[in-house]
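I opened my notebook to get to know a new structure. Here is what I looked up, entry by entry.

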Amino acid sequence: MTRRYIRCAVAVLASAAVAACAGRSPERAEALGDHYLSVEQYDRAADNYACVVNEWPWRYDAHLGLGKALIGSGHADQARTHLEIAYTQRPNDTEAIETLAEAMFQSGDKAGMSRFLSKRAQERQ
């Protein structure tokens, strides 16, 4: 019974996410995400970037923006997932490195942040 409930809950959440994006193209959602991020409306920014990530999971800018929005709205743990994807896509991008380190710090993983930045410093030598 529990598995059936979990499957139903996941299906409802997935359809709600699709419905929330209805009527917005990924391009429009990303532009809205950029706007809302710039005016510090982090929840709205996150909603729009999530639409882009759902449609275009390979999109670096959407993962980076979603990570920033999640940090801004107090969800640094969730932000790390998207920022790790962005970092994997562009490992030499300063913004991806700095934002991932910030998410690690904000989520309380100071030791992980220190290891990550030390490793990056060693790779640059």
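**Contacts and overall make-up**

I began with contacts (heavy atoms within 4.5 Å). Of the contacts in the protein with a separation of 6 or more, 44% are between residues 24 or more positions apart.

A note on what I am reading: this is a predicted model, where local features need pLDDT of at least 70, side-chain atom pairs count only at pLDDT 80 or more, and totals for chains, interfaces and linings use all residues. Residues are numbered from 1 along each chain as its sequence is written, and side-chain values use heavy atoms, with hydrogens and water left out.

Next I listed the elements, where helices (H or I, at least four residues) and strands (E, at least two) are DSSP runs, numbered from the N terminus. I found seven helices and zero strands, so my sketch from the N terminus on reads α-α-α-α-α-α-α.

Then I looked at burial, where buried means under 20% relative accessible area, exposed over 50%, and partly exposed in between (1.4 Å probe, protein chains only). Buried residues make up 34% of the 125 residues. The protein exposes about 7,900 Å², and carbon and sulfur atoms supply 52% of that area (Shrake-Rupley method, 1.4 Å probe; for residues, only the protein chains shown count as cover).

**Helix α5**

I picked out α5, residues 76–89. Its 14 residues reach 20 Å from the first C-alpha to the last, close to the 20 Å expected at 1.5 Å a residue (the expected span is 1.5 Å times one less than the number of residues). Which of its residues are buried? I noted A76, A79, R80, H82, L83, A86 and Y87. They pack against α3 (42–55), α4 (60–72), α6 (94–106) and α7 (110–124).

**Rings**

I searched the whole structure for aromatic pairs and found two. One of them joins Y87 and F116 edge-to-face, with 5.1 Å centre to centre and 80 degrees between the planes. Y87 lies in α5 and F116 in α7, so this pair ties together parts that are 29 residues apart in sequence. For the terms, rings of Phe, Tyr and Trp (its six-membered ring) pair if their centres lie within 6.5 Å; planes under 30 degrees apart count as stacked, over 60 as edge-to-face and the rest as tilted. Both Y87 and F116 are buried.

I also saw R90 over the face of Y60, at 3.9 Å from the ring centre (a charge sits over a ring if NZ of Lys or CZ of Arg is within 6 Å of the ring centre and within 35 degrees of the ring normal).

**The core**

Which residues touch the most other members of the largest nonpolar core? Of its 30 residues, L83 and F116 do. The elements that give two or more residues to this core are α2, α3, α4, α5, α6 and α7, and the largest share, seven residues, comes from α4. Such a core is a set of buried Ala, Val, Leu, Ile, Met, Phe, Trp, Tyr and Cys residues joined through side-chain atoms within 4.5 Å. Leaving out residues up to four places away in sequence, F116 touches Y87, I97, L100, A101 and M104.

Beyond its neighbours within four places in sequence, E30 is in contact with Y49, V52, R59, D61 and A62.

C21 sits in α1 (residues 2–21) and is buried, at 13%.

My last stop was E40, in the loop between α2 (26–38) and α3. E40 has a positive phi of about 60 degrees although it is not a glycine, and E40 is exposed, at 57%.
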